[in-house]
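Please read them with the coordinates open beside you.

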Amino acid sequence: IDIDYLAVRAEISGTVFTFKNNGSRTAHLVSIWVNNATLHKRYDAEVFLNSGETLSYTRLDISLPTGQYTAKVVTERGNIAIYSGG
């Protein structure tokens, strides 16, 4: 499974993640990690992303930290997509 594109942006009502699956199989996203120098937080996710699909996924319970941070998305198979922002 290959998650080719991971983008994160904050909105007033929540955090929007944009996923794109360029792999040939359906990806099952099971967790989202948000990390910085002082925060290492794991959030459960239950997202299925078909081959070739792009999906915007909004989470109201995730707040992105100010400054530099890393968001990681983990699939059921253990693959990880990483986004660095801030």
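**Notes on the predicted model**

1. Four strands make up an open sheet, and their order across it is β4-β3-β6-β7, with antiparallel pairing. Its edge strands are β4 (40–49) and β7, each of which pairs on one side only. On average, and with direction ignored, neighbouring strands of this sheet are turned by 20 degrees against each other. Please keep in mind throughout that this is a predicted model.

2. The sheet belongs to a chain whose secondary structure comes to 0 helices and 7 strands, so that the pattern read along the sequence is β-β-β-β-β-β-β. Of the 86 residues of the chain, 41% count as buried. Among the contacts in the chain with a separation of 6 or more, 54% come from residues 24 or more positions apart. The accessible surface of the chain comes to about 5000 Å², and carbon and sulfur atoms hold 47% of that surface.

3. Which strands does β6 pair with, and in what sense? On one hand, β6 pairs with strand β3 (residues 27–35) in the antiparallel sense over 6 bridges; on the other, β6 pairs with strand β7 (residues 80–85), again in the antiparallel sense and over 6 bridges. Strand β6 itself spans residues 69–75 and is mostly covered, with 5 of its 7 residues buried.

4. Tyr 69 has Gly 85 in β7 as its bridge partner. Between β6 and β7 the hairpin has 4 residues, and in this hairpin Gly 78 takes a positive phi near 95 degrees.

5. Is Asn 35 buried or exposed? With a relative accessible area of 13%, Asn 35 is buried, because the cut-off for that class is under 20%. The side chain of Asn 35 makes a polar contact with the side chain of His 40, at 3.4 Å. Leaving aside residues up to four places away in sequence, Asn 35 touches His 40, Lys 41, Tyr 69, Thr 70 and Lys 72.

6. A search of the whole structure finds 3 aromatic pairs. In one of them, the ring centres of Phe 19 and Tyr 57 are 6.2 Å apart and the planes are at 40 degrees, so the pair is tilted; the reason is that this angle falls between the limits of 30 degrees for stacked and 60 for edge-to-face. Since Phe 19 lies in strand β2 (residues 14–21) and Tyr 57 in strand β5 (residues 54–59), the pair ties together parts that are 38 residues apart in sequence. Phe 19 counts as buried at 1% relative accessibility, and Tyr 57 is buried as well, with a relative accessible area of 18%.

7. Tyr 69 and Tyr 83 form a further aromatic pair, which is tilted, with 6.4 Å from centre to centre and 45 degrees between the planes. Because Tyr 69 lies in strand β6 and Tyr 83 in strand β7, this pair ties together parts that are 14 residues apart in sequence.

8. A last point concerns Lys 20, which lies in strand β2. Lys 20 is partly exposed, with a relative accessible area of 30%. Computed along the sequence Lys 20 and Gly 52 are 32 residues apart, while in space their C-alpha to C-alpha distance is 6.9 Å.

Technical notes. Residues numbered from 1 in each chain as written. Predicted model: local features only at pLDDT ≥ 70, side-chain atom pairs only at ≥ 80, totals over all residues. Heavy atoms only, no water. Buried < 20%, exposed > 50% of the residue type's maximum accessible area, 1.4 Å probe, protein only. Helix = DSSP H or I, 4+ residues; strand = E, 2+ residues; numbered from the N terminus. Pairing = 2+ DSSP bridges. Polar contact = N/O pair within 3.5 Å; in protein donor to acceptor, adjacent residues only side chain to side chain. Contact = heavy atoms within 4.5 Å. Phe/Tyr/Trp six-rings, centres within 6.5 Å; stacked < 30°, edge-to-face > 60°. Areas by Shrake-Rupley, 256 points an atom, 1.4 Å probe, with all protein chains shown as cover. Axes fitted to C-alpha atoms, helices over the stretch in contact; angles between N-to-C directions.
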